[in-house]
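Please look through the sequence and the model below before reading on.

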Amino acid sequence: MSDSETIAAGYAFTGPALDLGALLWDGACLPDAQIRIPLPMLNRHGLVAGATGTGKTKTLQLIAEQLSAQGVPVFLADVKGDVSGISAPGTSNDKVAGRAAEVKQQWTATGFPAEFYALGGIGHGIPVRATITGFGPVLLSKVLQLNQTQEQSLGLIFHYADTKGLELIDLKDLRAVVTFLTSDEGKPELKNIGGLSTATAGVILRSLTAFEAQGMADFFGEPEFDTNELLRTASDGRGMVSVLELPAVQDKPQLFSTFLMWLLADLFHDLPEVGDADKPKLVFFFDEAHLLFNDASKAFLDSITQTVRLIRSKGVGVFFVTQTPKDVPGDVLAQLGNRVQHALRAFTPDDQKALKATVKTFPNSSYDLEEILTGLGTGEAVVTVLSENGAPTPVAVTRLRAPESLMGPVDAATLDRAVKSSSLYGRYAQAVDRESAYEKLSARPEPHPQETPKTAGKSAPKEDESMVQQVVGSGMFKSLARSVGTQIGREITRSLFGTARRKR
C-alpha cells in the first residue's frame, strides 16, 4: 500500500462524519481520498489555526454548516463580522465550481438556521448580558486586569455580598459594595472578611470606576442570557447556528474573550453528564483564542484547563481558532484531538520558531511539514483528527471544500430583520434594573417628625452623589454593622470560575 493509500485508509470511517475535503499528495488532488472527521469525535475538541488570510473563517463555516445539517447546534464568535452569511445561500461562480469539482463535492447553495447575538446589545443582535454575580470574581478580574492578590480580594468581596444577600446585578451594585467596605462605616466589615486590605479594595474600586467610565456597563445586567438557548434545533431538525456578532466591540478584546469563557463556563455547570454520545450537544468555536490566554492569571488558566477537560463528558466540543498552536497553553493544547492547520508565514526568527513548534505538535508523517506549512494555498490545510476508536489519524494535507452558504456578511438590514423577527428578541431586548445591592445601599431612613422641613424636603440621593455619602447614611448598613457575623445569609454556590450556579 502506498503512503497516500495508507493516509486515505485512515479516514475511511463507517459512521457519520463531516467531509473536510480531498487529500493532496505530490501536488495532486486525489478526489477519491476524502478527509473526514467522525461526528462522535467532535466533542474531543479541536484547533483551527493559520496565518491571517489563509482561510480559517471559511473552514469553521464549512464545519458549522455540516454540523447544523446533522442536527448539532453550533456557536460561532464573529469577530470580524464576516460569518453572518451562514444564514444565506452561497453564490456559485467559477472558483466555487472549480473547487467543488477538484474535491468531489456536490455543491448546493444553502442557508442555515441562525440566531444573531450582540454583547450588551451593542451592534446587530439579540442582547447578551450577564449579571455580575453570575459572571463571578475570576472572570471579572480578567476583564479588569487585576493581579493575583487583587483577584483573591475581589473573591472575598463576592463572598461578602453572597453571604449578606446583596445581589450583584450590574456594575453599580459591585461598586456600591466596595465603596461601603472602604468607608469608615464599613471598615469593621472589611476586617471581618479575611485579609482584605483597604488599599487593595481601593484599587479594585478605581478599576471598577474606570471600567464603567469606558462604557462597559451595558454588558452586565438583566435579563441574564440563558445559555440553554445555544442548544436549540430548528423546526426542520437542523442545529441552530448561534452567531455572536463582535465587530462593534472588537476594540475590547479582554471583554469579549472573557465573555465567551463565561458562556462556556455557564454551559459547563448547567449541563448533565452524557458520556460518549452519537453526536455532540453543541460545538463551540472560540475565535481569536489567544486573547483569552494573554496576561491570564494561574487561577484563570487552571479553570480553563479543567473546563475544557471536563466539558467533553457533557457533550460539548470546543474548537479554538487562532494563528499558531503556541497561542494555546500546553495543558489545553494537549486536549485538542482534531487539528486543521492552515499556512504559516516564516518571515522573522519568531515566525521560524513558531513554525518549528507547530510541526512538533503533529504526529510523525511522510510529509516535510516545515516546507508544506509555508507553501499551502488559501483553503488548504494540514489535518489530523481522532478516528472512531479515538486514535489519531495520519497527517493529511487537504484541499478543503467550499462552504455552501454565503462567504461574506449579509447586509445590515437583513441582519436587523433576522434579529427582530427572532422569538428570543422580546425576551432579552429590554434591559431590566430591579432592586439589588446598589438600591439597598442607597436607601435612607424615612425622615423623623422632629426633622426640619428643609431636611425632610431633600430629594433622594442621586447616582452622581458621592457613593460614600450615600452608604454612610444607609439604614441598611447601619443595621448590617450592628449585626456583623450574626446575620449571614445563604451563600451562592459557585463553580470553577466563581460563576454563580442558577436553577432554571
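**Sheet and helices**

R339 has T384 as its bridge partner in strand β11, strands and helices being DSSP runs (E, at least two residues, for strands; H or I, at least four residues, for helices) numbered from the N terminus. The model is predicted, so that local features need pLDDT of at least 70 and side-chain atom pairs count only at pLDDT 80 or more, while totals for chains, interfaces and linings use all residues. Residues are numbered from 1 along each chain as its sequence is written, and side-chain values use heavy atoms, with hydrogens and water left out.

**The sheet**

- Strand β10 (residues 338–341) runs antiparallel to strand β11 (residues 380–384), and 3 bridges join them; two strands pair if DSSP finds at least two bridges between them.
- The open sheet is formed by 12 strands in the order β2-β1-β12-β11-β10-β3-β9-β8-β4-β7-β5-β6, with mixed pairing.
- The edge strands, each pairing on one side only, are β2 (28–38) and β6 (126–128).

**Helix α6**

- Helix α6 (residues 148–163) has 16 residues and should span 22 Å at 1.5 Å a residue, which agrees with the 23 Å between its end C-alpha atoms; the expected span is 1.5 Å times one less than the number of residues.
- The buried residues of α6 include L154, I157 and F158, where buried means under 20% relative accessible area (1.4 Å probe, protein chains only).
- After α6 comes G165, whose phi is positive, near 70°.

Methods
Buried means under 20% relative accessible area, exposed over 50%, partly exposed in between (1.4 Å probe, protein chains only).
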